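These are my notebook entries on the structure shown below. I looked up strand pairing, a helix contact and the confidence of the model.

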Amino acid sequence: MHLFARLIRQPLIWIAMALPAPAHADALVVAGYFSAPRPETMALRSLAIDRIEGSEGSSMALTLEEALGDISVNNQPWFRILSRRAGGQPDGLISGRAHAAVDERAISQQRAVCVEESQSGQCLRKEEQAVSCTRRILNVTITLRIADTRDGRLVYSHSKPKREEVTLCPEDEARDTEEEIVFRMIKAAADAVRQDLSPIYARQKIKLPEKRLVLPPEQDGRYRTALKMTKSSPQLACQQFRILNAEAPSEAAYLYAVGLCAEQEGNLNAALNLYQSSQLLTHPDLIRAALSRVQGRIAMQEAMDARQR
């Protein structure tokens, strides 16, 4: 099964915040690009807006084009944004609806009203009185879809109605205009789509197993010494893990450690094979995370390679 399809069927538990990861003993840092949170879109190299209907369709289209055009990997645009009117033939076609509706209602609210002023205009006394106000309810409905033009599949959808309610009374401070509120909602929707479709550069601190391991006595001390070396000399630590793996090729902890070393060095296919071979029954969570993480990185590398062809 293709990696994109496998990724769609499993949770993306490898995603981490793209922040520098501190060095720790018993851990190695892996860094690189991972596939987008919505990996179904990774095979799309070019996008175009087909038609976004509704009162805010034009604004949504322009804002979305700008947001998606800003996605970059290695300082290169991730998507080519094409124009349908100019005859572009995109891999992905975006359509949908963006519509705003305003409902205004007259209401009454209790407010402190000045009932006595000095000659200089300073308020001397206030009373609670009923004041005529307006309640404005703004509903914005945004639905977006991306279809793969090569086979017609729907590969992405975004639908999240937005609602904002504000009460306007005399002498209230100035509030955002209706147009400003609507644009803020449109911008938030475009940013959400951008985040869903953006590959992620991340640095992750990946722990090596230490507790609950039962290793041959003559190797246990050497393994734990190598763990301590991961902070100051990760390359030397990996050399020791490979020596231990050569001495005991079926030992799960060594297979996992060597797999993590391969992943850190960017040898992703070798890392995947080693993780799959490591039946680390004492730490099944590490294996699940490792397989998901490295498959995501391989998928990303495939997508990057495809853009170079």
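Predicted model: local features only at pLDDT ≥ 70, side-chain atom pairs only at ≥ 80, totals over all residues.

Entry on strand pairing. Strand 2 covers residues 46-53 and strand 5 covers residues 80-82; they pair in the parallel sense over three bridges. I also found strand 2 paired with strand 6, residues 92-117, in the parallel sense and over six bridges. In that strand 6, Arg-97 stands opposite Glu-53.

Entry on helix packing. I next examined helix 5 (residues 234-247) and helix 6 (residues 252-264), whose axes lie 9 Å apart and which pack at an angle of about 140°. Helix 5 is therefore oblique to helix 6. I recorded the crossing of helix 5 past helix 6 as left-handed. On the side of helix 5, the contact is made by Pro-234, Cys-238, Phe-241, Arg-242, Leu-244 and Asn-245. Helix 6 contributes Tyr-254, Leu-255, Ala-257, Val-258, Cys-261, Ala-262 and Gln-264. I sorted the residues of this contact between helix 5 and helix 6 into 10 nonpolar, two polar and one charged.

Entry on confidence. I found an average pLDDT of 87 for the chain, with 91% of the residues scoring at least 70. Over residues 1-24, however, the pLDDT is below 50. I noted 59 contacts of this stretch in the model, beyond near neighbours in sequence.

Technical notes
Residues numbered from 1 in each chain as written. Heavy atoms only, no water. Axes fitted to C-alpha atoms, helices over the stretch in contact; angles between N-to-C directions. Helix = DSSP H or I, 4+ residues; strand = E, 2+ residues; numbered from the N terminus. Parallel < 35°, antiparallel > 145°, perpendicular 65-115°, else oblique. Left-handed = near helix turned anticlockwise from the far one by under 90°. Contact = heavy atoms within 4.5 Å. Nonpolar A, V, L, I, M, F, W, Y, C, P; charged D, E, K, R; others polar. Pairing = 2+ DSSP bridges. pLDDT = per-residue confidence, 0-100.
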